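Here is a briefing on one protein model. Look at the chain below, then read the points by topic.

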Amino acid sequence: MGGCLSKPKAVEVKVELSLLEKEKEVDLMSPNGKASPFSECRPNGSLGHCSDDDAVTLQSQRKHRDFIEASVCHVRDLENGQMREVDLGTGRALLIKQHGEFLAIGHKCPHYGAPLVKGVLSKGRVRCPWHGACFNINTGDIEDFPGLDSLPTFQVRVEKEKVIIRANKQALQTQRRTKAMSKCSAVINSCNGFSHVLIIGSGPAALVCADTLRQEGFTDRIVMCTMDKHPPYDRPKLSKSLESTAEQLQMRSAEFFQMHDIEVLLEKEVVSVDVKSKTVLFRDGFKMEYRKLLIATGSRPKPLSYIGKDVGNVFHVRTPEDANSIAALASNKNAVIVGTSFIGMEVAAALTDKAHSVSVIGIEAIPFRKALGEKVGKVLMKLFELNRVKFYMLNEVWEMRGQNGQLKEVVLKSGKVLRADVCVIGIGSGPATAFLKQSGIHMDSKGFIPVNKTMQTNMDGVFAGGDVVTFPLALRSNKKVNIPHWQMAHVHGRVAALSMMGKATDIKAVPYFWTAMFGKSIRYAGYGEGFDDVVIQGDLEELKFVAFYTKSEEVVSVASMNYDPIVSQVAEVFGSGKTIRKRDVE
């Protein structure tokens, strides 16, 4: 592996600014930032009584006001393969030197704003240090997920040994760029029961599929239907930020869907699919025919068996309304979490500064043991205990007792009685595929839909992605696996869209996962199921460590806390097809 796991050194940046105009000048960009600053065309519409010469002069002035130039370093300040974050006065950019050439792109990942200078530069792209998204350093295009948008690119030139960046002010501020999209050319009647592409679901697989179709030039009708009452939102944040609203979590605005002709039907439940007639039936009796179908219905929480099913204030975390209710009911009250899944533990962590008490019930002795191993599980359990969380492990719920219909006590099978004003169940989930039982679409014994490397099911024209599928994982010699990661669902959506358009591409992404508790994040990459040993570097007790999960003599996955960008570095190695041996990390 050489030095691929070494931590990057911090680089100090000296900046010279040469503003083209005073900063107080008002930007004349269009409100949505879509105006093309390099266009030589005259502005549309009338300019009052201006002559043609005046119009050209005004456009030239506007171009200058929209842009800023800065001399950011000497040509010898950067070595090949080095990145540096530079300040242009009204915003920052990421300067990269590759093969003797200087390039400049946005410096923040559009997903959650991670500083890309702390990421990994490899083979013409930079990988985010937090969640693994990858961006082409020449075009700024997103090439691996999570996230929806790409990065802006900026002009770079060298004059008298100085590196000068010319950047659009708006792009410096937004640090994101939405790829150009086609419009729908088909005549659309909302009552029309036909769509060229019908997408069932509204998670990342569904949304990225719709986005990709438009980005790749698809001009026919796209309909996305969901049981949810909200357009696509960032569901992983629900369990970490319980008071967030659907509007705060939205992944795309209502205007975006309207502008790009992606129809979203809310509170529409599909009850059956007829693959022979290519028809979908909704619970309200409405039918819709399709030419291509994507099934991306996600997962449903596993039910918990106990006495007292009619007692209120017992929740699964599925919607913003669920999360908001949990936060409100737990305020200065007693909260009980059933299950030590990542969602359950994230909720427990989020409630510690709101609730009077937080109790966690688990059937195993140590949380996270199956996913992260016993040693990591123990130190995380200790972190929770230091934050006032009380554990009742090797235990199960027997009864929920209420008063006036509202929860008051949780009774364990051990006989222990816990005071409880709100209870959250997080014992895992299963695929939401029950509506497909009579469809002819093949499912395995657990209800997952097997797909090939282009996300196609056993039925022609029917694709599936996200939590509902088992798919061939390149890392494991194309073994069919289910990986319910937010990031993998993005990948599935893109691959399915390209397949629908006859541009089939394989799934090459490395699985990447993250969780956050008490302001600390765990990053995880690879596929560690069935690991037989864990090699730990760093200091577990200080919560600054990296854990390599091995199977036989091979590293199959990695997790870290306070050790960025190690997980993204390992993901790059995995993605290149190289094998990391146990002896390399011991």
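**Around the β9–β10 loop**

P146 sits in the loop between β9 and β10. This is a predicted model.

**Cavities**

- A search of the whole structure finds two cavities of 30 Å³ or more.
- The largest cavity has a volume of about 70 Å³.
- By type, the lining of the largest cavity holds four nonpolar, two polar and three charged residues.
- Helix α3 (residues 204-215) gives the largest share of this lining, with four residues.
- Domain 1 (66-174) and domain 2 (194-300 + 431-501) each supply at least three residues to the lining of the largest cavity.

- Three bridges link β7 (residues 125-127) with β8 (residues 134-136), in the antiparallel sense.
- Within this pairing, V126 stands opposite F135 in β8.
- Strands of a sheet pair through backbone hydrogen bonds, either parallel or antiparallel.

**Strand β5 and its partners**

- Is strand β5 (residues 101-105) largely enclosed or open? Four of its five residues are buried, so β5 is largely enclosed by the rest of the structure.
- β5 pairs with strand β4 (residues 92-98) over five bridges, in the antiparallel sense.
- Q98 has E101 in β5 as its bridge partner.
- β4 and β5 form a hairpin with two residues between them. In the turn, H99 has a positive phi of about 55 degrees.
- β5 also pairs with strand β10 (residues 153-159), antiparallel, over two bridges.
- Here A104 has F154 in β10 as its bridge partner.

**Sheet β23-β24-β25**

- Three strands form an open sheet in the order β23-β24-β25, with antiparallel pairing.
- β23 (397-403) and β25 (417-419) are the edge strands, and each pairs on one side only.
- Neighbouring strands of this sheet are turned by 30 degrees against each other on average, direction ignored.
- β23 and strand β24 (residues 406-412) run antiparallel and are joined by six bridges.
- G402 stands opposite L407 in β24.

**Buried helix α7**

- Eight of the 10 residues of helix α7 (residues 342-351) are buried, so α7 is largely enclosed by the rest of the structure.
- The buried residues are G344, M345, E346, V347, A348, A349, A350 and L351.
- An α-helix has 3.6 residues a turn, so residues three or four places apart point the same way.

**Buried residues and contacts across the sequence**

- F67 is found in strand β2 (residues 67-74). F67 counts as buried because its relative accessible area is 2%, and the cut-off is under 20%.
- F67 and L172 are 105 residues apart in sequence, yet their C-alpha atoms are 9.6 Å apart in space.
- Q175 is in the loop between α2 (169-174) and β12 (194-200). Q175 is buried too, at 2% relative accessibility.
- Q175 and K108 are 67 residues apart in sequence and 6.3 Å apart in space, C-alpha to C-alpha.

**Backbone exceptions**

- Most residues other than glycine have a negative phi, and most peptide bonds are trans.
- A cis peptide bond runs from D564 to P565, with omega near 0 degrees. P565 lies in the loop between β36 (554-561) and α11 (566-575).
- R388 is a residue other than glycine with a positive phi, near 75 degrees. R388 is in the loop between α9 (374-386) and β22 (389-393).
- Is R388 buried or partly exposed? At 46% relative accessibility, R388 counts as partly exposed.
- S552 also has a positive phi, near 55 degrees, and is not glycine. S552 lies in the loop between β35 (544-551) and β36.

Key
Residues numbered from 1 in each chain as written. Predicted model: local features only at pLDDT ≥ 70, side-chain atom pairs only at ≥ 80, totals over all residues. Heavy atoms only, no water. 1 Å grid on protein atoms, 1.4 Å probe; cavity = no way out; pocket = protein on both sides within 12 Å on 5 of 7 lines; lining within 4 Å. Points joined across faces, edges and corners; volume = space filled by probe spheres on them. Nonpolar A, V, L, I, M, F, W, Y, C, P; charged D, E, K, R; others polar. Domains from an automatic or database assignment. Pairing = 2+ DSSP bridges. Buried < 20%, exposed > 50% of the residue type's maximum accessible area, 1.4 Å probe, protein only. Axes fitted to C-alpha atoms, helices over the stretch in contact; angles between N-to-C directions.
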